[in-house]
Amino acid sequence: MRILVLGGDGYLGWPTALHLSDRGHEVAVADNYARRGYDHEMGVESLVPIEPMQVRLDAWREVSGKTIKHYYGDLVDGDFTIEMIADFRPDTIVHFAEQRAAPYSMIDRKHAVYTQQNNVVGNLNVLFAIQEVDPEIHLVKLGTMGEYGTPNIDIEEGWLEVTHNGRTDRMLYPKKPGSFYHLSKVHDSHNIEFACRIWGLRATDLNQGVVYGQETPQTVRDPRLATRFDYDAIFGTVLNRFVIQAVLGHPLTVYTPGGQTRGMIDIRDTVECIRLAAENPADRGEFRVFNQITESYSVGEIAKTIANNFDGQVEIEHVDNPRVEQGEHYYNVKHTGLVELGLEPHLLSNTLIESLFEVADKHKHRVDLAAMRPTVNWRKASNPMRDEK
């Protein structure tokens with residue numbers, strides 16, 4: 001199968017490309033390297049050093065004997081998007097190429113507008129390119145569990161059967177996103193569902209939970225194949241961030257009260273979910289949704305798990321929550337679709353956590369402690385030009 005991975009330089013895109021290549025697929029990656037640009041903007045680098053794309057590609061060829069094709073460009077450029085897809089002629093497109101951080105989207109008006117434009121317009125260009133080049137292409141799009149928010153009912157896999165005034169219909173599950181980033185993902189989902197319904201495209205929307213971990217069987221084969229390990233308050237996912245704080249003797253910063261519950265998934269399961277979705281495509285005209293999580297924990301429970309597994313003293317510090325969200329809530333997510341396709345989940349284990357401690361300890365000299373403190377306040381609609389006056 002020919003698979004094009006958009007956002008192939010990112011935290012998840014890169015190990016996904018390696019996993020698919022390792023499983024015998026012909027893979028190409030595309031990226032505009034915006035994520036590396038955010039590092040310069042924020043003044044924070046990945047905890048684990050990452051190599052330039054060409055070094056990564058050369059290293060993979062050396063250790064595997066397999067080649068991955070590379071495209072450089074921006075999905076917001078519709079002409080580039082069409083030309084790339086027409087050139088590679090993929091069977092499946094895996095779409096990771098979006099600004100992925102809720103805090104980044106909430107910094108100010110400029111960052112909110114950028115996030116929405118980059119994500120929504122780029123995704124629309126992909127849909128139009130598929131429709132023009134080959135409507136048989138299967139789109140596997142990475143969404144987020146944050147699209148749903150925290151409703152006081154069970155979260156179904158994308159669709160909900162509703163009875164109202166004696167009549168019943170099947171409709172998209174209602175969304176209650178918590179940031180401009182999550183809103184952009186909702187817009188993506190609606191646009192993809194529309195394209196499937198009107199143009200007969202085929203798509204799988206993967207509403208992914210919080211990812212933890214940094215290593216996959218492919219990335220550990222050579223240090224040059226390492227993927228990102230973000231720890232800062234803007235891009236760092238919660239479990240990874242707590243691991244680094246523990247290693248540094250820094251208090252684990254739990255946003256008060258700590259009862260916020262999140263769906264979680266190991267990075268090794270993320271790449272496998274993509275493979276399963278790609279190898280078992282949706283039907284023509286089908287907008288298929290899977291909730292891509294394996295288990296759920298509250299933020300407080302994650303902090304306690306890290307503290308209990310660390311060989312040393314760890315303090316847990318509750319800090320004011322910069323986000324606008326429920327501190328305690330009902331959270332029951334249905335996530336059977338990917339298991340039915342063959343996913344065998346890696347549940348959070350002591351072994352995995354200990355390996356993350358080792359990675360963090362090896363690179364702890366690269367940490368900027370100040371970057372782990374939350375600085376973006378959801379309650380303040382900032383205007384950078386006004387604030388400079």
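This is a predicted model: local features need pLDDT of at least 70, side-chain atom pairs count only at pLDDT 80 or more; totals for chains, interfaces and linings use all residues.
Residues are numbered from 1 along each chain as its sequence is written, and side-chain values use heavy atoms, leaving out hydrogens and water. Local features need pLDDT of at least 70 and side-chain atom pairs count only at pLDDT 80 or more, while totals for chains, interfaces and linings use all residues.

**View 1. Arg-35 and Asp-39 meet in a salt bridge.** A salt bridge here is a side-chain nitrogen of Lys or Arg within 4 Å of a carboxyl oxygen of Asp or Glu; this pair has an N to O distance of 2.9 Å. Both residues sit in helix α2 (residues 34-42), four residues apart, about one turn of the helix. Helices are DSSP runs of H or I, at least four residues long, numbered from the N terminus. Arg-35 counts as buried because its relative accessibility is 12%, and Asp-39 is buried too, at 13% (buried means under 20% relative accessible area, exposed over 50%, partly exposed in between, with a 1.4 Å probe and protein chains only).

**View 2. A network of salt bridges includes the pair from View 1.** Look for Arg-35 and Asp-39 again, now linked with Arg-100, Arg-228 and Asp-230.

View 3. Asp-58 is partly exposed at 22%, and so is Arg-61 at 39%.

**View 4. Asp-361 and Lys-364 form a salt bridge.** Here the N to O distance is 3.2 Å. Asp-361 is partly exposed at 39%, and Lys-364 is partly exposed at 39%.

How values were computed:
Helices (H or I, at least four residues) and strands (E, at least two) are DSSP runs, numbered from the N terminus.
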